[in-house]
Amino acid sequence: MNRLLRENLTECRLCPRSCGVDRTSRLGYCKAGTAVKIARAALHHWEEPCISGKNGSGAVFFSHCTLGCLFCQNREISHGGKGQAVSAAHLGEIFLELQAQGAHNINLVTPTHYAVQLIEALMLARQNGLLLPVVYNCGGYEKVETIRLLSHFVDVWLPDFKYAQARLGIKYSAAPHYPETALAAIAEMLKCAGPPVLDGDGLLQRGVLVRHLLLPGQLADSMQAVSLLYGRFGDDIILSLMNQYTPPENPGDDFDTRCPELTRRVNPRHYEALVAFAAELGITRCYIQDGPAAGSEFIPAFDLSGVNASGG
Ligand code: SF4
């Protein structure tokens, strides 16, 4: 184990949970050990157009998660931990394979608990010819120190800003102090990447794209979230307002009684109101979703696609 891994994993404080566990012998909240586990590595076409482009984003889905979202669509990997362990060298080869397939970027999906292992994999991949921008696709519940650690290896930051009210972060994601934690993280991401830089094909090369998912019955919180983001960052970030909330197919046991409001879809009129609100505020850099809300058909199969393609 190299010094960076030893310093960060033997007393892990990579995310705001700050468990302080030695991951060589114990597991913290996220249940991730020292080995990186992934469940899928493949071209992905369902991100924002500046990420997916024509060919797709080279998405690598990591197992386990530092958040505990009750409505998670990737539950089998985030909560269930489904996936396969890969070495840093093998992960670097997977990145290169995605580049060879024509991916526009390397899209690290829910990577926070593997932040230090990723540095080694990205360094190896860069040495061996990786040229693509690296996208850090995370839940927004991040630590400023970890973002700084990654600043030379990440080009595009793609965090969620899930809630404006702290009580929702606790209720839905078991994440205390979510709003101020995520806002501080986004501020640091902006400091690292600067305002958006797009290439001639409209693909994001550097910058911060913040996603917000409207939840059923939470229009007021979403409006507050949009206000907070625009008030603090203006158009230096790109915003993506999402209406694709889908009630989870296999939620935890007491999901229906704990949050009956999350067993339905979003009211389309609430989404229209949120988009109109963002426009009235003067936001210009904003993706919106039109047409029917995405359903579970947009959730990829976590079948280890691309995991063994490059040897290892
Ligand atoms: S990455 Fe995992 S073990 Fe480390 S502090 Fe966060 S939840 Fe705890």
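This is a predicted model: local features need pLDDT of at least 70, side-chain atom pairs count only at pLDDT 80 or more; totals for chains, interfaces and linings use all residues.

Modeller: A first idea: helices here are DSSP runs of H or I with at least four residues, numbered from the N terminus.

Colleague: How many residues does α4 have, and what span should they cover?

Modeller: The rule is 1.5 Å a residue, counted for one less than the number of residues. Helix α4, residues 88-100, has 13 residues and should therefore span 18 Å; its end C-alpha atoms lie 19 Å apart, in agreement.

Colleague: Which residues of α4 are buried?

Modeller: Buried means under 20% relative accessible area. In α4 that holds for Ala 88, His 90, Leu 91, Gly 92, Ile 94, Phe 95 and Leu 98. A handy general idea is that an α-helix has 3.6 residues a turn, so residues three or four places apart point the same way.

Colleague: And what do the buried residues of α4 pack against?

Modeller: Their partners are the strands β1 (36-44), β2 (57-62), β3 (84-86) and β4 (106-109), together with helix α5 (115-127).

Colleague: What about α8: how far does this helix reach?

Modeller: Helix α8 has 16 residues, 178-193, and reaches 22 Å from first C-alpha to last, close to the 22 Å expected. Its buried residues include Tyr 178, Leu 183, Ile 186 and Met 189. Among the elements that cover the buried residues of α8 are β5 (134-138), α7 (166-173) and α9 (219-233). After α8 comes Gly 194, with a positive phi near 75°.

Colleague: Now a single residue, please. Is Val 156 buried or exposed?

Modeller: Val 156 has a relative accessible area of 0%, so it is buried. You will find Val 156 in strand β6, residues 156-159. Val 156 and Leu 204 are 48 residues apart in sequence, yet 7.3 Å apart in space, C-alpha to C-alpha.

Colleague: Where is Thr 112 found?

Modeller: Thr 112 is in the loop between β4 and α5. It counts as buried because its relative accessibility is 4%. The residues Thr 112 touches include Leu 14, Cys 15 and Thr 66.

Colleague: Which residues surround the ligand?

Modeller: Among them are Leu 14, Cys 15 and Thr 66, along with Arg 13, Tyr 29 and His 113. By class, the shell has six nonpolar, four polar and two charged residues. The space the ligand takes is the largest cavity.

Note on methods:
Residues are numbered from 1 along each chain as its sequence is written. Side-chain values use heavy atoms; hydrogens and water are left out. A residue is near a molecule or strand if one of its heavy atoms lies within 4 Å of it. On a 1 Å grid over the protein atoms alone, a cavity is a set of points where a 1.4 Å probe fits but cannot get out, and a pocket is an open set with protein on both sides within 12 Å along at least five of seven lines; lining residues have an atom within 4 Å of a point. A molecule sits in a cavity or pocket if more than half of its atoms lie within 2 Å of its grid points. Ala, Val, Leu, Ile, Met, Phe, Trp, Tyr, Cys and Pro count as nonpolar, Asp, Glu, Lys and Arg as charged, and the others, Gly among them, as polar. Helices (H or I, at least four residues) and strands (E, at least two) are DSSP runs, numbered from the N terminus. Buried means under 20% relative accessible area, exposed over 50%, partly exposed in between (1.4 Å probe, protein chains only). Contact means heavy atoms within 4.5 Å.
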